[in-house]
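Here are my notes on the model. Please read them with the structure open.

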Amino acid sequence: MQDNLVIVESPAKAKTIEKFLGKDFKVMSSYGHIRDLKKKEISINMDTLEPEYEIPEEKRKLVSELKSTAKKAKKIWLASDEDREGEAISWHLCEVLGLDERNTSRIVFHEITKNAILKAIETPRHLDMNLANAQQARRMLDRLVGFNLSPVLWRKVKPSLSAGRVQSVAVRLIVEREREIQAFTAEPYFRVTAVFSTAGADIKAELNRRYATHEEALAFLERCKEAQFTISSIQKRPLKRTPAPPFTTSTLQQEAARKLGFTVSQTMMVAQRLYENGYITYMRTDSVNLSTLCIGTAKEAVTSLYGERYSKSRNYTTHSKGAQEAHEAIRPTYMDRQEVEGTPQERRLYELIWKRTVATQMADAELEKTVVEVKVNGCEEMFVATGEVITFDGFLKVYRESDGDNDTSAEKDEDSTLMPATLQEGDTLQRKEITAMERYSQGPLRYTEASLVHKMEELGIGRPSTYAPTISTIQQREYVVKGDKKGEERTYTIDTLSDNTITTIQKTEMAGSEKGKLLPTDIGTVVNDFLMEYFPGIMDYNFTANVEKKFDAIADGKEDWHKMLRDFYKGFEPTVEKTIKARSEHKAGERILGQEPSSGKPVSVKIGRYGPVVQIGTADDKDKPRFAQLPKELSIETITLDEALELFRLPRTAGQYEGTDVVIGAGRFGPYVLHNKKYVSIPKDKDPLTITLEEAVALISESRKIEQKRHIKAFEEDPKIEVMNGRYGPYIVYDGKNYRLPKALHEKAATLTYEQCMEIVKGKE
């Protein structure tokens, strides 16, 4: 009989904990939740609003193993994570394994270290049903919304769609940002910069005014030809820069995206491994608090590595309401461990966490800022030169926070300007060059995964445990894609005054191009508009944030979870019924573009069964309507009648090859050449509307060569067996199944006999 059984959620966590507990303890994993609401049913009793849980098929064997081990153990310890999800896992274990809650010890810890585990064993507590009920309430509310809204979308928009409480609001943010960008018109302006010289040194300065027109900018340059430039004031002042707080889930996701190029879900996956290996504290938290132990050991680390002057102990306070997810920021478990073993991603993320934590316990950076104002005689405008010098680097020695979405460097170089020490008020400066450059006002930026997390946190939508799953879900459901947006070419003017001559040149640039941003798909936009029209309450940012506060209140024992669900459903159900019964003239998202000139039939764009389509004609016509799939670069919101009609020029016959038609068409997977019942994709750099017969034949020939290379050897003895070439080298195909060749035989693949191939097949079978 085993004295003690400890149950955790993950095998990696079990392995780490087992190292710290003696032979009297057996540690097993529940592999997450051991029961849940049924997948294909609402699984909620609608009369009582009670959940109906089941043990999924794939968990039944594990549950029986846990039951049999639990029966033999003298004492059981539930050690799932200390958040609502973890508490719910422990409660489900009690229910399924038939454990008496009074005799079952619940242990919690923020880090998987020997001290933390032994301390947790010494100070067990009982199950906290308030926390478990907050998780149940979230799970059931999301199920009520999803299972009621999805059928409405199937009927009114397109089959197989789904809606969710937090995901739909996240899509709304992205759709609204896209519309702000479409509505924005960039306004040109002229920015004037100058290079002056004094005492053998150059000073760069910028005019304190921007001009709206080219004429104004040129007029100013003309005035500068005869002008004198005099220093009217020099101001020097010391500045201090304070380190950013330690990482929360949200700030870690944002910094890892900017500095390491990680996606939000990748960050959480890597952080989970670091936590389970005992390297960092729990990675789902909205607290910036650091333990006294951490502050003490960080002080030792800073002093030994950088010296006494660099050390400054600080503790940060969490300002976000309902910061209940955990009691400490994300930090290394041992501050003297600068590096860890693991994958390159684990090492890089750990280094980021270590540097950020150490920086919080370091002295402020000290800087001296110099502002020099340069008077232009005869003008109201003046030039301003700014210099910043770091006099003591402090925490910047270790860590510099990213200042934007596009900063992916590991550490940015210092960007400080030195001002000549001899500068004095009244000095005359020599003009070397003055430039007026045309710039354009910048519109709103599309969201990255990191900036979307920041926005969701700002609005109080979701919690640390929900950011990553929400962002993954909206991409998996193809409401949002992460992609690049091609910019538009535009010209800009540069006027330069050098000596006494003004030269004007024009240059071109790509404006508005963005990489790796979140873009709404047509389906995402149509679903968003439909939900905004019929379910504005669900889509309201305040509603979503208030629901989170109610979950916090349930977790604190201040609100009854059944009452909260009943109040919500009472107002939600009638809206669902009303929307299902509502009749509308047009399908959701449908837009009439005009008429086809040759037939006079209406041309419309809408969401079809397989995505956005253009339709010519209606279902009532004697002839069937014609359809064309929308290519990715066009949107149902912005497509014009001419662009829509252009799509019906396909399929077209380019000519004949080998006595058979060569047809150019466009399908679900892009444009293609069809010849002799075989399809060949048309590359992105070729236009299917203008591709010639010769170009199409070249693509057919290239495809045949590639196909030929795939077939290494066939056998007359049995047509069912063949030696093929694949991405990972040669392999055998037999009776529709693939068999890998041993590496030693890769070079001899073409010489294999039928008997040798059959031996390999039988051996592998």
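Which helix gives the largest share of the lining of the second largest pocket? H5 does, with 10 residues.

1. Ground rules. This is a predicted model, where local features need pLDDT of at least 70, side-chain atom pairs count only at pLDDT 80 or more, and totals for chains, interfaces and linings use all residues. Residues are numbered from 1 along each chain as its sequence is written, and side-chain values use heavy atoms, with hydrogens and water left out. Helices (H or I, at least four residues) and strands (E, at least two) are DSSP runs, numbered from the N terminus.

2. The second largest pocket. Its volume is about 1500 Å³. A pocket is defined on a 1 Å grid over the protein atoms alone, as an open set of points with protein on both sides within 12 Å along at least five of seven lines; a cavity is a set of points where a 1.4 Å probe fits but cannot get out; lining residues have an atom within 4 Å of a point. Volume is the space filled by probe spheres set on the points, with grid points joined across faces, edges and corners. Of the 48 lining residues, Arg-138, Arg-139, Asp-142, Pro-469 and Thr-473 are the closest to the centre of this pocket. Helices H3 (84-97), H5, H6 (165-183), H9 (264-276) and H13 (467-476) each supply at least two lining residues. By class, the lining has 14 nonpolar, 18 polar and 16 charged residues. Here Ala, Val, Leu, Ile, Met, Phe, Trp, Tyr, Cys and Pro count as nonpolar, Asp, Glu, Lys and Arg as charged, and the others, Gly among them, as polar.

3. H5 against H14. H5 (residues 129-156) and H14 (residues 522-534) pack at about 115°, with axes 12 Å apart. Axes are lines fitted to C-alpha atoms, for helices over the stretch in contact, and angles run from 0 to 180 degrees between N-to-C directions. Leu-149, Val-152, Leu-153 and Lys-156 of H5 meet Val-527, Phe-530 and Leu-531 of H14. Contact means heavy atoms within 4.5 Å. The residues of this contact are six nonpolar, no polar and one charged.

4. The cavity. The structure holds one cavity of 30 Å³ or more. About 60 Å³ of space lies in the largest cavity. H14 gives the largest share of its lining, four residues. H6 and H14 each supply at least two. Val-527 and Leu-531 are among the lining residues, and both also belong to the H5 contact of H14.

5. H6 against H16. The axes of H6 and H16 (residues 541-555) come within 10 Å and cross at roughly 145°. Among the contact residues are Arg-165 and Glu-176 of H6, and Tyr-541 and Glu-548 of H16. The contact has seven nonpolar, one polar and four charged residues.

6. H10 against H11. The axes of H10 (residues 292-306) and H11 (residues 344-360) come within 9 Å and cross at roughly 95°. H10 is therefore roughly perpendicular to H11 (65 to 115 degrees). The contact includes Val-302 of H10 and Trp-354 of H11. By class, six nonpolar, one polar and no charged residues take part.

7. Backbone checks. Most residues other than glycine have a negative phi, and most peptide bonds are trans. Ser-43 has a positive phi, near 60°. The peptide bond from Leu-650 to Pro-651 is cis, with omega near -5°. Pro-651 lies in the loop between H18 (641-646) and S23 (652-657).

Notes:
Angles under 35 degrees count as roughly parallel, over 145 as roughly antiparallel, 65 to 115 as roughly perpendicular and the rest as oblique.
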